[in-house]
Amino acid sequence: MNVTLHVWRQKQGAGKGRMVRYEARNVSEDMSFLEMLDVVNEELIEKGEEPIAFDHDCREGICGMCGFMINGVAHGPVPGTTVCELHMRHFKDGDDLYIEPWRARAFPVIKDLVVNRSAFDRIIAAGGYISVSTGSAPDGNAIPVPKEKAERAMDAAACIGCGACVAACPNAAAALFTGAKITHLAMLPQGAPERPQRALKMVLQMKEEMFGHCTNIGECEAVCPKQISIEVIARMNHDFIRASWSEREAPYRADQPAGEPSAGGCQ
Amino acid sequence: MSAIAVDLKVKQGFRFYESTIGKKVVMAVTGFILFGFVVGHLIGNLQVFGPPEKINNYAVMLRTVPAALWAARIVLLLSVVLHIVASIQLTKLKWDARPVKYQIKENVGSTYASRTMMWSGPIIAAFVIYHLLHFTFGWRVLSPHFDQHNVYNNIIYGFQFWPASLFYIVAMVLLGMHLYHGVWSMFQTLGVSHPRYTPWLRRLALAFALFVAGGNILIPAAVLTGYLKPVMGV
């Protein structure tokens, strides 16, 4: 099959880019979308042109590195799939495919389809962890975890941090990502001690990173390759409201230097 | 309470509002108040289908305790102002959050109503101003037959001018859309979500949206079709 690609090309360090048209000839239906781009890139290299830069790593849908917009849909037309797992058989011969990077102020384009998602890392660094005391390892089953809670934590932990939720959201909100991380830890007993502060810190960091607000419209869950439900956003809202309400001591501020223990004693 | 403690409380409040969730909570709570008003307002207005004295007496009853009337008006006005201010601030954040637009963007998971809240909202606000001038203040330009003591006839004369009725009907369709997303969305914003109840909340939102839009459209429609006629000597 043959497809026409319109790809966003932006030089590294350049503020602007443009759509460039490429013809992909003799594409096998069994190729993944990224393999198709690999073939296009081979041809570009042979012609002495700059290949199309795109992020990828595991190519089995679990690392969260790949992702771009195909005809206006994050990770392309098949739900619950990353672009690396999207196969060319889902497209028709002669299709016009518009390929653009994630667009958000918080995700600046590095080059072509590659965006900088460090904003996600900073949200995690703000509170997406549990503190564990050193010493001998505790017994594996010492803390009971109800099955239903474990399932909910696992469902949220399925988030690979690809950024499709931000890309699909008309407000470029990171609510699904942050909600998933907060829910993942909030459901487990190990996450309970830091739960209120975690919600405060991660939500405020989200704002610092210039992500927009959530309007509960559900575009994010529709494109999430791990099909995480927007129920996690309600969980985040619940934890944030509760923590804001019950906090007792000096409030945490997002501009506080990293590493400095926050004085916020909650509940 | 020491001055420091007060200062701390103020700061906490600011920080809460600074976050996008804090602003959304303000939108949800004020939205809930306005939603409650809209439902009550409609139930009151449906009395127009009874005898003319019924709605006229109801209008008098609403004004029996001026303090209560003004308390309700202040709460509503405050809710409207906060709802609008928060929505403008959030829209500004949204514009800042995506400086470069997509060349092509498809919507795959959202309803039309949910994506157009910032369109339906301002049109409803403009409608509310018109509606107050039309029926509460009774501007001569808009309501030449306005009589403060005859609500029944005011409604009928007001809607016999078909462009006014048309604007009401369009505004009520938009209000229905606004509520269809808003009534469900406020629960989500306040952190209430459960796989067992959330589908019912969505149905509840649809039911209320249809009730409010349909009920309000019924009144101008009844006047335009001649079902409701002005009554002399009431």
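The questions and answers below go through a predicted model with chains A and B.

Q: How many helices and how many strands does chain B have?
A: Read along its sequence, chain B follows the pattern α-α-α-α-α-α-α-α-α. In this predicted model, the count for chain B is therefore nine helices and zero strands.

Q: What percentage of the residues of chain B count as buried?
A: The C-alpha atoms of chain B fill a box of roughly 60 × 55 × 40 Å, taken along the principal axes. A residue counts as buried if 20 or more other C-beta atoms lie within 10 Å of its own. Of the 234 residues of chain B, the share that counts as buried is 29%.

Q: Is B:Pro122 buried, partly exposed or exposed?
A: B:Pro122 is found in helix 6 (residues 117-136) of chain B, and its C-alpha atom is separated by 8.5 Å from that of B:Ile84, which is 38 residues apart from it along the chain. A residue needs 20 or more other C-beta atoms within 10 Å to be buried and 12 or fewer to be exposed. Because B:Pro122 has 14 other C-beta atoms within 10 Å, B:Pro122 is partly exposed.

Q: Which helix of chain B gives the largest share of the side that touches chain A?
A: The contact takes 40 residues from chain B and 42 residues from chain A. The elements that give two or more residues to the side of chain B that touches chain A are helix 1 (3-18), helix 2 (20-45), helix 4 (66-97), helix 5 (112-115) and helix 8 (162-189) of chain B. The largest share of this side, six residues, comes from helix 1 of chain B.

Q: How do the residues of the side of chain B that touches chain A divide into nonpolar, polar and charged?
A: This side belongs to a contact that takes 40 residues from chain B. By class, the residues of the side of chain B that touches chain A divide into 16 nonpolar, 13 polar and eleven charged.

Q: What distance separates the centres of domain 1 and domain 2 of chain A?
A: The domain assignment of chain A gives domain 1 (3-111) and domain 2 (118-246). The contact takes 19 residues from domain 1 of chain A and 17 residues from domain 2 of chain A, and the residues on the side of domain 1 divide into ten nonpolar, seven polar and two charged. Taken over C-alpha atoms, the centres of the two domains of chain A are separated by 29 Å.

Q: Why is helix 2 of chain A described as roughly antiparallel to helix 6 of chain A?
A: The axes of helix 2 (residues 118-127) and helix 6 (residues 195-208) of chain A come within 8 Å and cross at roughly 155 degrees. Angles over 145 degrees count as roughly antiparallel, which makes helix 2 of chain A, relative to helix 6 of chain A, roughly antiparallel.

Q: Which residues of helix 5 of chain A make the contact with helix 6 of chain A?
A: The axes of helix 5 (residues 175-186) and helix 6 of chain A come within 11 Å and cross at roughly 170 degrees, so helix 5 of chain A is roughly antiparallel to helix 6 of chain A. By class, their contact has seven nonpolar, one polar and three charged residues. Helix 6 of chain A contributes residues including A:Met202 and A:Met206, while the residues from helix 5 of chain A are A:Thr178, A:Lys181, A:Ile182, A:Leu185 and A:Ala186.

Methods. Residues are numbered from 1 along each chain as its sequence is written. Chains are lettered from A and ligands numbered from 1 in the order in which they are written. This is a predicted model: local features need pLDDT of at least 70, side-chain atom pairs count only at pLDDT 80 or more; totals for chains, interfaces and linings use all residues. Two residues are in contact if their C-beta atoms, placed from the backbone, lie within 7 Å. Helices (H or I, at least four residues) and strands (E, at least two) are DSSP runs, numbered from the N terminus. Ala, Val, Leu, Ile, Met, Phe, Trp, Tyr, Cys and Pro count as nonpolar, Asp, Glu, Lys and Arg as charged, and the others, Gly among them, as polar. Axes are lines fitted to C-alpha atoms, for helices over the stretch in contact, and angles run from 0 to 180 degrees between N-to-C directions. Angles under 35 degrees count as roughly parallel, over 145 as roughly antiparallel, 65 to 115 as roughly perpendicular and the rest as oblique. Domain bounds come from an automatic or database domain assignment.
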